[in-house]
Structure formats: structure tokens, C-alpha cells
Amino acid sequence: MTLKTETSSDSPITPFSTTLTRRGFVKMGGALFVSFALPAGFRAQTVEGHASLQANQLDPTLLASWLEIRSDNTILMRTGRTETGTGMSGYYTQAIAEELSVRPETISLIMGDTDKTPDGGYSAGFLYGMNNVRKVAAYTYQALLKLAAAQLDVPVGDLTVVDGVVSGGGKSIRYGQLVEGQHLDLKIPVSGEASRVDPSSPNGNGMAGLDGFTVTGDPPMKAVKEFKVLGTSFPAGHIPGKVTGKTQWSCDLTLPGMLHARMVRPATVGSTLVSAGTIDKTKFPTAEVIQKGNLLAVVSPNEWEAVQAAVSVASTTKWTEWAGLPGSENVTKAIREYKWSAPGESKGNAADVTAALASASKRIFATYELPYVRHAPIGPFLAVADVRADGSVTVWTHSAQSRGLRAQIANTLSIPVEKVVVRWLEHSAQYGRTTFGGDGAEGDAVILSQFTGKPVRVQWTLQEDLAWSSVSPAYVLDIKAGCDANGRLIAFHSASYTPHQSDARLLGALLAGMPCSMPKPGSWIATEWPYDKIQNRLEEAYGMPSIGAQSVTGGLRGNIMRTPGQRQQNFALEGLINEAAAAVGADPVQFRLDHTTDQRLIDLLKATAKAAGWEPRRSPQAKARKTGTAAVTGRGVCIMQRANAYWVGIAEISVVPATGVVKASKFTIGAEPGKIINPRQLDRCMKSGVVMGLSEALKEEVTFDKSKVTSTNWSRYKILTMEEMPEIKVVQISRDDKGFGGGSEAANAVVPPAVAAAFYDATGVQPGSIPLNPAYVKTLLKG
Amino acid sequence: MANELTLTVNGAKQVVSAAPETPLIFVLRNELKLSGPRLGCGMAQCGSCSVLLDGEEVRTCITPVSYAVGKKVTTIEGLPAVWAAQKSLSAADAAKTLHPVQQAWIDEQVPQCGYCQSGMMIAAVELLAKNPNPTVAQIKDAFTNKPPSPHLCRCGTYAAIIDAVQRAAKAMKA
């Protein structure tokens, strides 16, 4: 296991103890590669059929942009996608190794740098990213076989490859020797377009081309039964560096002459600047105040001086008063009062549902409400920008969408995209907030660097991050359903109402009054319908602008967060299924089995229920109670289908009615994501997803008054601690015949519905909302 | 005003110029270029900036640099040397040996984004020094209830951390 899987000879990253200069790293390379390498000074110009592709990035149609095989038999792959903490850099390595028939230890990756990678694309959609690198490897493998056949004078069909050694006719050759001195003119077929800010885009984020380039065609690929690396628990390459202190994080970057910045944010979400505070130069001799519009910052070569001076400036800065928020306790009311028109998306048949509801022998009406929550990483946003007088802009980021961010920055600065280079470095995970290329400190950093003419490092504080980063908005969901005389659901109608959740704007650009992408209100149906036996179904998703959208900061800028939309819609769907099962006296697991014919779901649900020791009975249990000082226990189940994967969660909890304290005692989680790529990483992602989901079920809520967010530290925005984590049991089913499915994201989303169901089982009260904190629980049980 | 202060960091004497009240994290990161302690909350609520000060975990975001003068500061970069000294390893062996806590963090594949994990490993080293054979309940207690705050991981790696602490405990007894 190499300690530097994500660095390489032409990596921009120096050891952490060395200062980086922008020109320095170009010369740093060991220059070991001999072929398939980029020609010196290589810059892509155009891609056939893609005139919009800008310079300063690699041409995705050239093999050399993606892959290098070096004389020492090591392999370098480049992808614009990034590691977001779910281990996908390891999955990429496994896929490449599989298709090239090499050991994964020989592969290194360059990720996320816009000028050093060919494809761009979402880091969230790892399956597509893996498909890209896998196909490139597969095309390359075919080319290598042809080369070897010629060199060894053996027909391709007689060649075998093991660990990068091609053998046939009693002869063998390593890839490194094979490619030495060769130039392989291999074209990689791609489709796609460059990322850009596009006011005419139909997407709610006002962006286009965020998918990046997709490798097309159908090269021969290894069959599942031949897999040697995919399906094994190959260790993730990013881990050793993080454990030993060798990883260079974005927060470690320093540049010559760099200034440290701390931002001074408005007093309220809608305040505008009246007068900026001043600096006492006798106390803070090197600090300066920078102001552009409502963007206010303090910079200093000394970070501690910047911190102190910013506090001092904030205390004397005057802002207008503003009170345009409804307050978090009134958010449902505010959403209800919005003048809704047509849904953003609708699926199903209204007439059939209406008729079926009319004929139902039992009808159920339910309302569910979910609060504002946020991504809340441990490390607040940070960015470094170097805007030069020559018009070049370099930004070091931990965004999950380098190309999208590049487009945002070019748009904000009103410069061509090719003037901007975005370099990606590790940092705290994002959980979806940078998926559209926005949010973050990058807007602040480029504006301050342009203003000062120096490289600027902007470090947000936790309070700032918990108040000003984008946020996963509240949901209100109304459901009508009907059962027939046999206790089967025959009609289902859901309508979800939510503020905007794809605002990709950079706060710094908003505050400075500079150009931004334009968010467009709307919502979508994220549910992948698992209950094919419910024949009459209508789902509607309604979207409204962000709350406080009219303010200069864009209000509570809504954005996607892990398992977006489906996390919320599934809470309502699975809540309703529980209530329906209760209404007809059915066991909740059996009731779900009775409403699907999908064998993958059936198999996983049965396996997970068995692992959890589930005994069939109706829910709520006979001894359910909502009073008393003794704990009452309950159990609950939920399912989800997402991205060619199936999920089951079974929660076991205790509730003390008198105190309102809910504790999770055990959680069993099952996943079937087609072929499991890496069982151990999946195990880790499933368990950690349960932790995040429990955190949301029991603790998390963004609170705000009429002016500003108030949950701005860890004692006010509470997340799950280690002691609150229950025993977690994992069930995995791997299938060889269903391709690959999403195996990281959804684990959080099966937790809140299962916990709510367990609460219902324990108390006889179905929670219409979360978090199940003591105050809410006591209110629920009184009602 | 800036003073010249002498610190002992990962076994080496370092002279730094800093105002005495400067939080230790800024000196370790910006003057000594150490990457291990990372800024999280800035108010001792999360643990991502933790280091050992004479073997005791401290949160460097609220610890003045002057408080560290005369004490031994250990970051994750210095953990291998701590272990090598404990086991009297030869220089050659020391160069290729990680602290058992670090090795366990790799073997158990603990980090996801990894931002908080430096502080988690520091807390683990401190715990194992005091309790070489902690139960799951004791590990949970140490990472949650020890002042000044719980060690928080937003990726949710707590189960992996428990596995790794127990693995490290075994390795350290071997």
C-alpha cells in the first residue's frame, strides 16, 4: 500500500512543510513516464462537436489526458471528480486495476484539478465517474493487447495478462516495457459539455454541464465472475496520509505573500452595511479592512492578528436592521401560506388515484414536516485564491465540483473560464453542499485577492459556517392513501412542499453584489417507487424560493444534502406505510412484502429482518404507552430504493415518556447495491450513515429567529456523539447480475423513518416530524 | 506583542516568535507547518485540533502558546517517535514503524473525510495510556464525556474508531 496514492509526479502538492509557489510545481515531476504521456506544453483546444470546451483543461478525447503508463510499471489516472470521504478514490483504483489487469497498488490518481483532469463531473455520482475511468482502462487494455501481439508476435487471442505482465507463446513483457517509446494514438469517445453558468438552464441551480464529459462506447470489460479486485476490501488510498500527517489539506496551503482573511458578516440575514468598523493600528499594525458592497473582511499576514482584528472590526461595524424570517418555529406555517401554483414535478395518474380513493374501504390522511438541517462539517469552509494582475486566477478548494466552481468564479469575475484554474485538495467532507460548484469561501477569496493583489486564504469560523453556508430546507408533505377490504393499499397521493434546494451561489459574490448563477425555484420527485403493487399513485413535488430569498444574501440559501429529496420524501412515504399497516393490523415487514413484487427488495428485507431478530406482530405493540417514568421500547422498519440499490433499516429504541428522552439501542441496516465493490468500505459507509441518520432523527434542527440563524455552535446545532451510537448490525447482499449501485449515500436516509416507526411502536403515537428531542417528544405524547 | 518562545514539539526544540496569548494551533500550523492539529470549532467543542501536552490531551484552539512552554507537545506527526521510544526501537525499525494507534486507524480503515481523525487518534493515545484495555463503554465514555467536549465526527466513523482503539490496545500489549 503506497502512502501517496493521490499524489503523483506532476501533482501540485508539495510536502506540507514546504511553501508552494505556483510555478514551482510544474518542474517538480520525476518525469518517469515514457509514453501515453501528455506532450510538453499540451493544452486541449477543441473537442469534436464540443466547441464550447475551453482551453486550460485536458482534451477528454485523448487517452493521454486520462492515463499514463510509466516505465516503472506504475499507472497514473486523472479524473476531475474528487474524494468526498466515502472511499470512492479507492473504488476508482479497483475498477482501473480490474480492467487493466494490474495490481491496484500500482495506480495513483490525480483528482479534481481543472487543468490536469479531462472530465469534470459530480463527485457525488461516483458510479458515473467510476464508469468513466473503467471504460478508459478497458479501451487501453485492448490497445495494449494489440501492441503486445505485435511485439511478441503472438495473436491477441493467445495472450494472457496478470499483474501488468502480458504473456503468450512462451514470451512475456511488462506494460512499462511495452509502451516504452510508443505513441498510442487512441481516441476516447466522449459526450458532454463544459460546465458553465447558464441563465437559460432548466436546472434549478442555473448551471449547465455539471455532468462533465462521459466516456461512451462499449469496450469489452471484465465479466463479474473474472473480478479479482472489484469485490475485495482493497484499502482506501487516501487513508495512510491522513493518519500520519502527510496529506496536504487545503488548510495547509501557504503561498508567498499570502494574507489570512477573516470575514465580518452582516448582523442579520438581510442587513446591509451602514459603516464598516475601523482597526486600531496600535493593536493590529498589519491588519487591513477590505470592503466591497456588503462584503467585509479583515486581512493580515498573521492569522491570529486577522482573527482578533476581525472581532474588533465587527464590534464597531454598523448594519441595517432586518427581520424578514418567519422564525424556525413558524416555518411550516410559512410554507403552508405560500401561494402555490403547479408542482415542479408530478408522476402518476390523478384520475385513477381519485377514483381508487373514493372506492377505498379505509382512507388515511397524514402530514409530515421536516425541519431545516445542515451539512455541518467539522472543518468550516476554507479557500485560497491568487488573482494576478495578468488576469490569471488560481483557486485552491475542497469543493466537490471543481469545474462547476471554475465556471462560478469566471462568471463572478466576468472573465473567460480559461483564465481560471481550480486546484482540489482534501478537507472536511461536504455532504452535498458543493455538488453544484457553489457555496464555500471561494467567492470571498477571489474577491479579496483581486482587491489586495495578493494571494488570500479565507478561513470561515464554525459560527459563520453554521449561520451562512447553504442549508437543507424544511419540507411539508401531505399524504392521502386508501386500503381495500383486504387491507391492501390501492391508492396513494403525496404532495411535498419545500423551499428551493439547489442554490449554488457563492456568498462572497452575493454580498459584494457581483454576478452569480441564478437559482430557479422548483422541486423534484426523488422517490424511486418500491411498491409496485400499489397501482394507483400520484406524487407531486412543489418548490418555492428560499425563505428570505429577497434579501441581499439570498436568505436561507437552500441546497441539497446527502440523499436529497428522497430522504425527506421517504420519511413521509414510509411513515404512511407504517400508519397503513397499523390501520389494517398488519406486521410492518409483512405489509411491505405484500406490496412489492421486486425480488431484490424482498430478499433484502427478509435477510435484514432475520438479522434483526424481527418477530412478526402488529405495531404499535400491545403494551405501547405514552406516560410514565419507566422506559418503553419499540422497533420499526423502513425501506428505500435508490440508484440501483436497496436499503432496509430496522431501529430499536427506548422512550421515557415522562422525560421525553429517546435512545437508540440497536440499528440493523441492510444494503443490496448490485455487485458490492468493496465490502469493508461499504460496511464503514453503512455504519457511519446510520450515525448521521440517527443524528438527524434525534437531534438536528437549524433554528432561526426573525433575523438570523441561532444554531451556530455545537451546543446549539447538536449532532450525535459516540456514546449515543447504538449497536449497529450490517447486512450486505452482493449480486453479480445487477451491475453496480449507489453504496454510500443513502445509509443516512433509512434511519429517521425507522426511528419514527419504532417510536410509534413504543408509544402508539406516529411522529409527524423530527428531531425526536425531549421537548418535541413531550409535546407529542401530551397531544 | 510577539515574544520569542521555546517549545518542545515532537521531541525537537523550536523557537517561535508569537504573542504569548496566541492559540497554540496557529503556532503549530503556521510557524511549525504541522498539519495534524486542524481548526474546527475554535471554541473547544469538537476536538479536531487536539494535541498531547505532557501526555494530556489539550484543545489547541483555546490553549495559549505560552502555556505550552516547558511542556512536551506531541502531534500525530510525532506519534511514531513516541512509540519507538517506548519500545526502544532501533533507528531503522523506528523509521518504518507507526504508532499502533495510527496503524490501527489504517488497518480498520477509520477515516472517511478524516478531518477530525487527528484529534481522535490523540484522544485514543491518551486513553490507552491510562486504560490499556478499555471496554466499548469506556471508549464511548472517553470520547464523549471527557471535558471540555465530545470528540465529534460528522462523517459518523464512531464504530470504526471503537474497533481501531481495541485493535491498538491489543497491539500495544503484544
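Predicted model: local features only at pLDDT ≥ 70, side-chain atom pairs only at ≥ 80, totals over all residues.
1. Let me start with a glycine. Gly85(A) sits in the loop that links strand 3 (75-79) to helix 2 (88-100) of chain A.

2. The surroundings of Gly85(A) deserve a look on screen. Setting aside neighbours within four places in sequence, Gly85(A) is in contact with Ala429(A) and also with Gln112(B), Cys113(B) and Cys155(B). As for Gly453(A), 368 residues away along the chain, its C-alpha atom is separated from that of Gly85(A) by 34 Å.

3. Next, chain A as a whole. Its secondary structure comprises 18 helices and 29 strands. The radius of gyration of chain A is 27 Å, close to the 28 Å given by the globule rule for 783 residues, so chain A is as compact as a globular protein of that length. Its C-alpha trace spans about 80 × 75 × 50 Å along the principal axes.

4. Of its 783 residues, 60% count as buried. Among contacts in chain A with a separation of 6 or more, 78% come from residues 24 or more positions apart.

5. On to the contact between the chains. Chain A contributes 46 residues and chain B 47 residues. On the side of chain A that touches chain B, helix 5 (239-244), helix 6 (303-316) and helix 16 (679-698) each supply at least two residues. Helix 16 of chain A gives the most, with eight residues. By type, the residues on that side of chain A are 21 nonpolar, 18 polar and seven charged.

6. Finally, chain B has an open sheet of five strands, in the order 2-1-5-3-4 and with mixed pairing. Strand 2 (12-18) and strand 4 (56-59) of chain B are at the edges with a single partner strand each, so one side of each has no neighbour in the sheet. On average, neighbouring strands of this sheet are turned by 40 degrees against each other, direction ignored.

7. Strand 3 (residues 50-53) and strand 4 of chain B run antiparallel and are joined by four bridges, with Ser50(B) opposite Arg59(B). Helix 6 (residues 117-130) of chain B packs on the sheet and touches both strands, its direction making about 35 degrees with that of strand 3 of chain B.

Conventions: Residues numbered from 1 in each chain as written. Chains lettered and ligands numbered in written order. Rg over C-alpha atoms; globule rule 2.2 N^0.38 Å. Buried ≥ 20, exposed ≤ 12 C-beta atoms within 10 Å, placed from the backbone. Contact = placed C-beta atoms within 7 Å. Pairing = 2+ DSSP bridges. Axes fitted to C-alpha atoms, helices over the stretch in contact; angles between N-to-C directions. Nonpolar A, V, L, I, M, F, W, Y, C, P; charged D, E, K, R; others polar.
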